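Please read the points below alongside the sequence and the coordinates.

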Amino acid sequence: SASGKTIKPDRPPASSGIELPQAISKANVPIEIPLSFIENNLNKDWNSKLFAENGLPIGSGLTTDIDVTRTGKIVLTGLENNTLRVKIPMNLKGDLKIEKKVFGQILSTNFPFNENISPEISFDPEIGSNWELGIKNLEIENWGRSMKYNLLGFEIDLDQVVKSQLKTVLDNQLSTSNLSRFDFKSMAQETWDIFSEPYTMTQQGLEVHFYSIPSKLKLTEEITTDQKLKLYVGLEGEMMSKVGSRPIVPKSPLPNIDVNENKENELELILPLILRYEDLDGYLNKEMSGNIIKIDSKAEMVPTNLKTQKYGDKTLLSMDFTGIRKGKKDIKGKMYFAGKPVFDAATESLRFDEAEFDVKSDNGMANFGIRLKKRKIMNQIKKLANYPIGDFLGEARKELEKQGIFETGFATFQVKNPTLDVEGIYNTEEDVRIYLRSTGKMEVRLKDFK
């Protein structure tokens with residue numbers, strides 16, 4: 001109850017053990033890349049030589065020299081089941097060599113060939129843990145013509161020869177050298193880096209910076225029949241805050257990739273707003289110190305030198321006071337007010353609940369009747385001792401949207417319609433932490449969109 005407790009600032013009660021929870025922030029962003037965009041990148045500049053081999057054995061004692069060149073533009077098509085079809089026009093040119101022993105002598109016959117083909121190859125693209133584009137379940141759906149030849153009674157099938165090389169060819173064609181503007185690793189690194197960019201806001205004239213230390217990266221890719229490559233990128237990290245100068249956030253290396261099960265577009269940031277006791281003191285002294293608190297028609301008190309500290313799960317406000325009574329001598333003493341910091345949504349301010357109150361004075365306690373007026377005094381202080389954060393919340397909502405525009409080499413990311421609410425309030429030795437929760441969506445605009 002308000003009355004019975006003695007408050008000892010130098011011997012605060014133990015906390016109930018609610019430690020400061022980690023402020024975990026998450027972003028889940030689907031990035032849609034039209035296949036035409038990748039196609040354009042693959043067709044911008046390419047090396048026409050696909051592969052060349054000499055003396056390649058093709059069975060039945062036959063060998064071949066073969067030169068395969070790319071002759072035109074690659075066409076990509078998204079199929080069902082996450083499969084990509086690639087059509088690469090190519091020219092096969094070479095010599096089939098047939099060697100025969102005739103009367104102990106080796107005679108070698110060459111048959112030149114020169115064929116244009118457009119094989120259709122399907123595979124499941126997979127971004128590997130070190131960000132290279134891997135090729136899974138490779139199938140040649142269609143050569144565009146028969147690869148079988150009949151020479152001097154020999155059945156020769158070039159299918160196997162070319163097929164054995166195709167994986168290498170595709171790897172080369174889709175490798176980062178050809179996809180230089182489409183390097184998944186640097187895309188991921190840039191996305192990872194922007195996640196830790198600081199947000200800067202002002203609270204009661206102080207700069208507060210929020211920045212994330214990213215720790216988890218999730219990715220799932222999907223080829224869709226509406227001809228897109230969809231990357232579902234999930235990021236997770238701990239949000240830190242700092243008052244004063246802008247932090248220098250160290251860049252952290254990309255971690256291994258986890259599978260991302262989430263396909264939604266969602267952003268959830270937990271921003272731990274730091275309210276240092278010294279700043280709270282500054283504010284409360286400005287508002288209350290030297291101001292008269294009326295107790296009744298005959299008495300009033302003037303608080304000075306207000307100071308806050310942690311007091312178990314509560315925040316303790318200590319102050320000196322002067323009691324002024326009509327026709328009597330002033331008395332001086334100390335007043336203690338301890339309450340649990342909570343967010344008052346109606347006034348958008350921090351108020352102190354479950355209040356305890358105590359007074360220490362050397363003179364005339366009884367006749368001043370403070371004890372009797374305790375609840376009255378306490379209610380007056382409770383009314384005055386609050387800390388507004390409405391302006392900050394309003395500004396923070398605007399700033400999240402304004403500062404939530406991130407440029408990378410491949411896209412512009414923009415936070416859309418961020419909300420901002422108070423999630424929880426915690427006491428630490430140095431400050432009161434107001435955890436703000438912001439949710440929103442991320443809009444992604446690709447650059448160089450052809």
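This is a predicted model: local features need pLDDT of at least 70, side-chain atom pairs count only at pLDDT 80 or more; totals for chains, interfaces and linings use all residues.

**Helix H1**
- In H1, the buried residues are Leu35, Phe37, Ile38, Glu39, Asn41, Leu42 and Asn43.
- Because seven of the 10 residues of this helix (residues 35-44) are buried, H1 is largely enclosed by the rest of the structure.

**Gly333 in strand E20**
- Gly333, which lies in strand E20 (residues 331-344), has a relative accessible area of 18% and is therefore buried, the cut-off being under 20%.
- Apart from neighbours within four places in sequence, Gly333 is in contact with Met319, Asp320, Phe321, Lys360 and Ser361.

**Nonpolar surface**
- Val102, Phe103 and Leu107 make a nonpolar surface patch of about 340 Å².

**Salt bridges**
- The count of salt bridges comes to 25.
- Lys49 forms a salt bridge with Asp67, with the closest N and O atoms 3.1 Å apart; since Lys49 lies in strand E2 (residues 49-57) and Asp67 in strand E3 (residues 62-70), the pair ties together parts that are 18 residues apart in sequence.
- Arg85 forms a salt bridge with Glu141, the closest N and O atoms being 2.9 Å apart; Arg85 lies in strand E5 (residues 83-87) and Glu141 in strand E9 (residues 133-142), so this pair ties together parts that are 56 residues apart in sequence.
- Glu300 forms a salt bridge with Lys294, where the closest N and O atoms are 3.9 Å apart.
- Salt bridges that share partners join Glu32, Asp226, Lys228 and Lys230 into one network.

Notes: Residues are numbered from 1 along each chain as its sequence is written. Side-chain values use heavy atoms; hydrogens and water are left out. Patches are made of residues with over 30% relative accessible area and no salt bridge: like charges are joined within 9 Å, nonpolar side chains (Val, Leu, Ile, Met, Phe, Trp, Tyr) within 5 Å. Accessible areas come from the Shrake-Rupley method with a 1.4 Å probe; for residues, only the protein chains shown count as cover. A salt bridge is a side-chain nitrogen of Lys or Arg within 4 Å of a carboxyl oxygen of Asp or Glu. Buried means under 20% relative accessible area, exposed over 50%, partly exposed in between (1.4 Å probe, protein chains only). Helices (H or I, at least four residues) and strands (E, at least two) are DSSP runs, numbered from the N terminus. Contact means heavy atoms within 4.5 Å.
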